[in-house]
Amino acid sequence: MEAKKYMNPYYAGFFLGLLLLATIYITGRGLGASGAVKSATVAAVETVAPSHAENQKFYKEYLNEHAGSPLKNWLVFEVIGVVIGAFLSGLISHRLTFKMEYGPHSTSRIRIVTALIGGALFGFGAQLGRGCTSGAALSGMGVLSTGGIITMFAIFGGAYAFAYFFRKLWI
Amino acid sequence: MGPLVPDLIGNELNFIVALVVGIFFGAILEQAGFSTTKKLVGLFYGYDFTVLRVFFTAGVVAMIGVIALVHFGLLDINLVYINPTFLWSAIIGGLIMGLGFVIGGFCPGTSVCAAAIGKIDAMIFVAGSFIGVLIFAEGYPLFEGLYKAENWGFVRIFDTLGMSESVFAFLLTAVALFAFWAVSIIENKVNGVEIKPVRLTPYYIGLAAVGFVIAFSAFFLPERKDVIMQNVDDKEFVQSYNLKVMTIDEFAYRLIDSDKKLQVIDFRPEKEYEKLRLPKSSSLTVDNLFEKEPNKILSLRHKINVVVAEDEMTERKIAVIANELGYENVMILKGGLKEFKAQILEFGKNDQAASGLNDDTIRFRTKANKIIPELIAANKDKGTVKKESKRVIGGC
């Protein structure tokens, strides 16, 4: 069956805004994504190299701030939900396929490398910037946090500034 | 009053909330088309501005919603997580993320979403983000200086810019609407098509109308706090308000009896409170009443809450505010602490006070005059009873 059309962006935005609002009202915090990656990374390091995790400052600070297992974390549960929700949505709209997407002048090999590098940069940047597009930019805008809004401008401004140099990857 | 966590919704149940929120989050992102990198990077090459439309609409809706909830006293913003501002890490981290965005074609949330429907490049992106976090974690001593530099705390943008919250909200909404119009024109140029940038369908008009109603109501209807504060400035209104009053003798008796039901809520300035701290008392300010914290003290049904201040009129005002806020289980102390001090704590010091009283009262007050100062002294070094609610820890 053919994939269904995407939702009108303004409606999607409206629902996303309501979801963010409900999340803030119920839990007092916004949405997020990169925090779950952080929790999973800490959990992995703690399991593979416990003595290393005890000695490195980053893990120590994290484990001090978060009691209990790093995986017992709000964002980890939320991201599990994202996987379920996106999967169900893809199922309903007939978009479940294994495939890779890249620009007409790119190749799958290039795409693998760029996805890995892009992911690493985003993961790193989200640690430094205390949140990603969801946790810092979107949620920060909802509560009008100065830091969140600065991060938002930096992400999108940065992306525009660098876009020209990587145009061959996409168009 | 929100947030509902951790009082109404426990920390364990909160994980279920997280899961449900995530399901909706994932479904909305996927339905909006954020599960394909082509739509995402379209933003940076001008052929598809879906991301901007979704993102800005969501941000504006949430912002207006939060302002409205706070305005009508339904949400305590002091308990909501406000992303802290560390200037340099926010800028540099953001720029690195921007670079990652154009190279990798996703951001963390959208990559999870795309991976869930089988996009292989998204799975690789997720793997990459683990590596990124690991690099940051391992190199943390190197980056820590930058990470913690220029800490501005939990500041909000309108304070930083020195304008009022509603003016900023209005400007941001206007910018968003302008951007929606402008990007449609850019899209048309880049894609070589002609689609009218503004299409006024009933749905859009409906949505915009709801926004306007909220904004206008917030603009014209004064804040709940202001209304109540204005009402209590009216002396007649306060005097005619039906309040339960406790006599100083009963109050003294309950103190001596160390009555478990009694809760004294002291509204004198903190300095005064430090000097004379009654047993079973906690110190609150009038502003505290509008926050979420007093909920815990004032909404316990089987307790007797006595509002205490220097004079009775102040007590009355505060009790009226509490009543208006829905805390009906409050009493005031007759004559205020002034009377209590003169008639109990300093009883016998001047003879006039005792005139006209019956023997029982004199006997009781003489006894209370001895015991209560001891109780106060015993209560002195207990440390502060006041509990501060903590902001929710959020963020990524």
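Colleague: Which strands pair over 3 bridges in the parallel sense?

Modeller: Strand β4 (residues 262–266) of chain B and β5(B) do, in this predicted model. Two strands pair if DSSP finds at least two bridges between them. Strands are DSSP runs of E, at least two residues, and helices are runs of H or I, at least four residues, numbered from the N terminus. Within this pair, Ile265(B) stands opposite Ser282(B) in β5(B).

Colleague: How should I read the residue numbers and the values?

Modeller: Residues are numbered from 1 along each chain as its sequence is written, while chains are lettered from A and ligands numbered from 1 in the order in which they are written. Local features need pLDDT of at least 70, side-chain atom pairs count only at pLDDT 80 or more, and totals for chains, interfaces and linings use all residues; side-chain values use heavy atoms, leaving out hydrogens and water.

Colleague: What is the strand order of the open sheet in chain B?

Modeller: The 5 strands run β3-β7-β6-β4-β5, with parallel pairing. β3 (244–246) and β5 (281–283) of chain B are at the edges with a single partner strand each, so one side of each lacks a neighbour in the sheet. From one strand to the next, the twist averages 35°.

Colleague: Which strands does helix α17 of chain B touch?

Modeller: Contact means heavy atoms within 4.5 Å. Helix α17 (residues 312–324) packs on the sheet and touches β3, β6 (304–308) and β7 (330–333) of chain B. Its direction makes about 175° with that of β7(B). Axes are lines fitted to C-alpha atoms, for helices over the stretch in contact, and angles run from 0 to 180 degrees between N-to-C directions.

Colleague: At what angle do α8 of chain A and α2 of chain B pack?

Modeller: Angles under 35 degrees count as roughly parallel, over 145 as roughly antiparallel, 65 to 115 as roughly perpendicular and the rest as oblique. Helix α8 (residues 146–163) of chain A meets helix α2 (residues 37–45) of chain B at about 75°, with axes 9 Å apart. The two helices are therefore roughly perpendicular. Phe156(A), Ala159(A), Tyr160(A) and Ala163(A) of α8(A) make the contact with Leu43(B), Phe44(B) and Tyr45(B) of α2(B).

Colleague: What about helix length?

Modeller: The expected span is 1.5 Å times one less than the number of residues. Helix α1 (residues 11–32) of chain B has 22 residues and should span 32 Å, which agrees with its end C-alpha atoms being 31 Å apart. Just after α1(B), Gly33(B) takes a positive phi of about 100°.
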